[in-house]
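Hi,

Here is the structure I said I would pass on.

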Amino acid sequence: MTTPDDAPDLTLDEYAPGAAVALTDAERWPTLDDAGRAALDAVREHPAAPAWVHVTGDRLRPDDLPALDEVAARLAAGHPSTRSDTRAEVPAASPGAANPAPGAPPAWVGALVDRAHAVVPRYRRARDRGESRAGSPLTAVRPVTRDDLRHDVASFVPVDVPLGRVLEGTSSGSTGAAVRVPLHPVAVAADLVLLQHLVTAAAAGAGATWDPVPGRLGLMNLVDQREAFTYASAMTGFRRDPGVAAPSMARVNLDPGAWTHPGDRAAFLAAQDPQVVSSSPLPLLALARLAEEGLALHPLALVSGAAHLSDVARARLRATWDVPVVDLYGLRETGAVAARTDTGPFVVVAGRRVWVEVLDDGGTPVPDGDLGEVVVTVDENPYLPLLRYRTGDRARIVRRGARVELHDLEGRSPVRYLRPDGAWVPSVDAAQHLQAHGMAAWQLHQSADGSVVLDVVPDAPGGAGSQAARAAGDTVGHLLGRRVTVREVSPARLGAGRARRWSSDVPGGAA
């Protein structure tokens, strides 16, 4: 199938500014004081601020803060909690014992298996079918995939956890249809505590500290795409001394279309001078180019995630700012799993209730040191405990005492597509439109000559699915300025889990 260059763009309604504003600032940030609110307002109302299209807050209550103190304590101690009861609205956390033996799951894993078969519908059904039960070893539990969550995420939510504080997150969807993930405010804030822990450890070697600085943005989450949520927020869960105002953060889009005037982007970034910048590799490299062109920024650390950070890209970032680069591996569904600050292996984060296995294609654990699929068991988000979640990424496990390393991790590579006018389009832009058209899975490939082929699996059956596939091809063709050949394929051809969905033979496409 082909599409004319003047095919209409698809409207992404979720990015309509202020489309669903339902809370007051006091409801978004219940613990934000006057000083923190003034700092946030200075970011939101800066003359060169981008066109904010979203409003969000951390929703943390005063009684949540002790739980975050406990999160910080177990990260510092390097031990996960050994708790066996997650019925509390906020997950408890206390330092516990290390793993009982190399390669053996810690005590909390067995407790989670027992609890899941009692209160999680998915595992209650497995129990009733005789597949697994309370007391079963973890290896007796059938692994689950992204499609399992996409089709019935509610069956993974424990029935005894109060749902009054559910926040909705969306996984990146960079390798398939997006998954809506139920999140607890404390679990979201715990990710910030982890980030603070990792950055503090990395920056300490350079003699830097991540403490709030008046007038500077504490954290900037950076994207570079045509359409994106952008917002400013306050980090009330940030660990700081008493009486110090909560630092602000912002999600900012580098795309020129996100700014009101041509000079606003440089003016805003320079004025905010974020202490830490988090993003994926391509936007970080775009920011490095701006710095090389004269944009004065002074980060104390960079955080890269969501896609593979090559050694070349890491060296480029280090050469630009001479600061640590924290490479974080994880998924929205599982949270952070492992991290590294150099070119060595990823290290599974100590102090989180995360257990990693490596399985072969048939779902059997492989010996340590052998390559296989990374599978994660996690009990950090009370709304979504997961047993043996297949990531689609591949690695080898190497154990050095209590330290668990992931070697040769093959994660998602950042890919971009070349338009005839020489502009690059990141894969995330195409993902948004493919999701909006109801594609369950896809493979988008650009050949060295610039031609584009889109293999798709529509979510809708029959003629409706075929029509949606053609519309998806039209939209992607318009986005890339090229004619796109669309082929409907079976799910088996694209594989399960998080198989790679983006590829390019154009030089510079697979960054």
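Let me start with a residue pair: Tyr-329 sits opposite Ala-338, which belongs to strand 9. Strand 9 covers residues 335-340 and runs antiparallel to strand 8, with five bridges between the two. Together, strand 8 and strand 9 make a hairpin, and three residues lie between them.

Before you go further, bear in mind that this is a predicted model. Mean pLDDT for the chain comes out at 86, with 87% of the residues at 70 or more.

Is it enclosed or open? Strand 8 spans residues 325-331, and six of its seven residues are buried, so the rest of the structure largely encloses it. One place to look is Leu-302, whose bridge partner in strand 8 is Val-325. To get from strand 7 to strand 8 the chain passes through helix 10, residues 311-321, in a right-handed β-α-β crossover.

Helix 10 has a packing partner too. Helix 9 (residues 281-292) packs against helix 10 at an angle of about 35°, and the two axes are 10 Å apart. This crossing of helix 9 and helix 10 is left-handed. If you want to colour the contact, the helix 9 side consists of Leu-284, Leu-285, Leu-287, Ala-288, Arg-289, Ala-291 and Glu-292. On the helix 10 side, these meet Ala-313, Arg-316, Leu-317, Thr-320 and Trp-321.

Ser-427 has a relative accessibility of 12%, and because buried means under 20%, it counts as buried. What does Ser-427 touch, leaving aside residues up to four places away in sequence? The contacts of Ser-427 are Val-415, Arg-416, Tyr-417 and Trp-502.

That's what I have for now.

Cheers

Notes. Residues are numbered from 1 along each chain as its sequence is written. This is a predicted model: local features need pLDDT of at least 70, side-chain atom pairs count only at pLDDT 80 or more; totals for chains, interfaces and linings use all residues. Side-chain values use heavy atoms; hydrogens and water are left out. Buried means under 20% relative accessible area, exposed over 50%, partly exposed in between (1.4 Å probe, protein chains only). Helices (H or I, at least four residues) and strands (E, at least two) are DSSP runs, numbered from the N terminus. Two strands pair if DSSP finds at least two bridges between them. A crossover is right-handed if, with the strands pointing away from the viewer, the path from the first strand over the helix to the second runs clockwise. pLDDT is the predictor's confidence in each residue, from 0 to 100. Axes are lines fitted to C-alpha atoms, for helices over the stretch in contact, and angles run from 0 to 180 degrees between N-to-C directions. A crossing is left-handed if the near helix is turned anticlockwise from the far one by less than a right angle, and right-handed if clockwise. Contact means heavy atoms within 4.5 Å.
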